Amino acid sequence: MSLESALDEYPKTLPLRGGLQVAVRPLAADEHAAFHQFFCALPAPELLYIKHRVTEPEVVRAWCAGLDLGRNLPLLAWNGDTIVGVCTLHQNLGGWKRHIGRVSVHVHPKFRGRGVAQALVAETIEIARACSLEKLEAEFIGTQEGALKVFSLLGFGELTRLSSYVKDMQAITHDYVLMGLDLVTDEEFASAG
């Protein structure tokens, strides 16, 4: 399977806890305004953990204008016309980490506790398998306990924890946590049975 084949399955509707249904599909280039609104809804302390200034409209507009789903695939969960979650699969198409994808996920504060993050990460894991990635990794700040738990439930394990290793956007140090997941591709799964 390939990325193109995997993306043919979208959009799709996923039922979540509390009767919430979300439409899941990749970000489109013309959705920069809704994507920017999503980031602006995140609590200020969480924005400190994001590596880019996502509350600046020009940053989000530039991302959307240069959208390359093979390198960075933002998978969005929509409730009506509101983005309620995003999970991005980051890939290196060459080099020594070309077999490893990186996953990041964020959920709108009003839609937390309903399984949005878990559903989006699970979908992203399947897309990563379709892309023949062998491993996934996710980076966290040590205080992101909820996110660490969600990823653990999906099979990710802690690879390393470095004390006071990273600084947020206000230059405050935090523990750095790297989690990883070994993927079994469709071919490997079929040959194992």
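Here is a tour of the model, starting with the sheet and ending with single residues.

This is a predicted model, in which local features need pLDDT of at least 70 and side-chain atom pairs count only at pLDDT 80 or more, while totals for chains, interfaces and linings use all residues. Residues are numbered from 1 along each chain as its sequence is written, and side-chain values use heavy atoms, with hydrogens and water left out.

**The sheet**

Let's begin with the open sheet, in which eight strands follow the order β1-β2-β3-β4-β5-β6-β8-β7 with mixed pairing. Its edge strands are β1 and β7, each of which pairs on one side only. On average, neighbouring strands are turned by 25° against each other, direction ignored. Helices (H or I, at least four residues) and strands (E, at least two) are DSSP runs numbered from the N terminus, and two strands count as paired if DSSP finds at least two bridges between them. In general, strands of a sheet pair through backbone hydrogen bonds, either parallel or antiparallel.

Both senses of pairing can be seen at β5 (residues 100-107). Strand β4 (residues 82-91) runs antiparallel to β5, and seven bridges join them; here G85 has V107 in β5 as its bridge partner. With β6 (residues 135-141), β5 pairs in the parallel sense over three bridges, and R102 stands opposite E137 in β6.

**Helices on the sheet**

Contact means heavy atoms within 4.5 Å; axes are lines fitted to C-alpha atoms, for helices over the stretch in contact, and angles run from 0 to 180 degrees between N-to-C directions.

| Helix | Strands touched | Angle to β4 |
|---|---|---|
| α2 (residues 32-41) | β3 (72-79), β4, β5 | about 95° |

**The cores**

A nonpolar core is a set of buried Ala, Val, Leu, Ile, Met, Phe, Trp, Tyr and Cys residues joined through side-chain atoms within 4.5 Å. Buried means under 20% relative accessible area, exposed over 50%, and partly exposed in between (1.4 Å probe, protein chains only). The largest core has 41 residues, and those with the most contacts inside it are V116, I127, L136, F151 and F156. Its largest share, nine residues, comes from α5. Beyond its neighbours within four places in sequence, F151 is in contact with V103, V105, V121, A138, F140, F156 and M179. A second, separate core of 15 residues includes A34, F39, V60 and C64.

**Single residues worth a look**

The peptide bond from Y10 to P11 is cis, with omega near 5°, and P11 is found in the loop between α1 (3-7) and β1 (12-15). Two residues other than glycine have positive phi: S164, near 50°, and A171, near 65°. S164 lies in strand β7 (residues 157-167), whereas A171 belongs to the loop between β7 and β8 (173-182). S164 is partly exposed, at a relative accessible area of 45%.

Not counting residues up to four places away in sequence, H174 touches Y49, I141, L162, S164, Y165, V166 and D168.
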